[in-house]
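Please look through the following structure with care, and keep it beside you while reading the briefing below.

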Amino acid sequence: LGLLRFISTHNNHFSKEKIALYERLAGNLVSGLIQRRASDALKKSEERFRQIFNNMSSGLAILEAVEDGADFIFKDINPSGAAIGSRPRKKHIGRSVQTLYPGIQEIGLFTALKHSWKTAESVNFPMTQYKDDRIRSWMETYIRTVPTDEILAVFNDLTEQKKIPEALQV
């Protein structure tokens, strides 16, 4: 912008060709600055997401529908989710939800995933006992399909909270 002001106040010293050249250069410079700022803002946003994803106490799984919703695969899972599922993150990525957690069919969670994926409606799946050969816990899950057609499943292990009222009844 300073270059354009300089040119406009001194335009009788420059040919029309040089003025046009300087205006194009200034335009390119401004365009480059705008792109750089947008790129920096995107990097900050991605880092903010990554920090939230990696440090939140709730489990967060990012799922993708396969075979027209016949199953869902893990695209990503945060450290809390991997810990709740008692499996390392790398054992989740690219694997079937039904294979890793076969109990989701029995409790209706798989149906809730399908419903959210097909309708894009949010589903608040209430506290339910999940069990399979490895895990027995009380879980609460919130499911949401996002515009990228991925499913976000935010879940909490409420087993310890569930034990408190049961202990009081004894």
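Helices (H or I, at least four residues) and strands (E, at least two) are DSSP runs that are numbered from the N terminus, and the chain has 8 helices and 5 strands. This is a predicted model, in which local features need pLDDT of at least 70 and side-chain atom pairs count only at pLDDT 80 or more, while totals for chains, interfaces and linings use all residues. Residues are numbered from 1 along each chain as its sequence is written, and side-chain values use heavy atoms, with hydrogens and water left out.

**The chain as a whole**

- Read from the N terminus on, the elements of the chain follow the order α-α-β-β-α-α-α-α-α-β-β-β-α.
- The chain holds 170 residues, of which 32% count as buried, where buried means under 20% relative accessible area, exposed means over 50%, and partly exposed lies in between (1.4 Å probe, protein chains only).
- The accessible surface of the chain comes to about 11200 Å², and 55% of this surface belongs to carbon and sulfur atoms; such areas come from the Shrake-Rupley method with a 1.4 Å probe, and for residues only the protein chains shown count as cover.
- Among contacts (heavy atoms within 4.5 Å) between residues at least 6 apart in sequence, 40% join residues at least 24 apart.

**The nonpolar core**

- A nonpolar core is a set of buried Ala, Val, Leu, Ile, Met, Phe, Trp, Tyr and Cys residues joined through side-chain atoms within 4.5 Å.
- The largest nonpolar core has 26 residues, and those that touch the most other members are Leu63, Phe72, Phe74, Ile104 and Leu113.
- Elements that give two or more residues to this core include strand S1 (59–66), helix H3 (79–84) and strand S3 (123–131), while the largest share, 5 residues, comes from H7.

**Aromatic pairs**

- Rings of Phe, Tyr and Trp (its six-membered ring) pair if their centres lie within 6.5 Å, and planes under 30 degrees apart count as stacked, over 60 as edge-to-face and the rest as tilted; by this rule the count comes to 5 aromatic pairs.
- One of these pairs joins Phe72 and Phe110 in an edge-to-face arrangement, with 5.5 Å centre to centre and 65° between the planes.
- This pair links distant parts of the chain, since Phe72 is in strand S2 (residues 71–77) and Phe110 is in helix H7, 38 residues apart.
- Phe72 counts as buried because its relative accessible area is 0%, and Phe110 is likewise buried, with a relative accessible area of 4%.
- The rings of Phe74 and Tyr101 are edge-to-face because their planes lie at 65°, with the ring centres 6.2 Å apart.
- Phe74 lies in strand S2 and Tyr101 in the loop between helix H5 (97–100) and helix H6 (103–107), so this pair ties together parts that are 27 residues apart in sequence.
- Ring pairs also link Phe72, Phe110 and Trp117 into a cluster.

**Charges over rings**

- A charge sits over a ring if NZ of Lys or CZ of Arg is within 6 Å of the ring centre and within 35 degrees of the ring normal.
- The charged end of Arg87 sits over the ring of Tyr101, 5.6 Å from its centre, and the charged end of Lys162 sits over the ring of Trp138, 4.5 Å from its centre.

**A closer look at Ser116**

- Ser116 is found in helix H7 (residues 109–119), and Ser116 counts as buried because its relative accessibility is 0%.
- Leaving out residues up to four places away in sequence, Ser116 touches Glu121, Val123, Ile143, Arg144 and Thr145.
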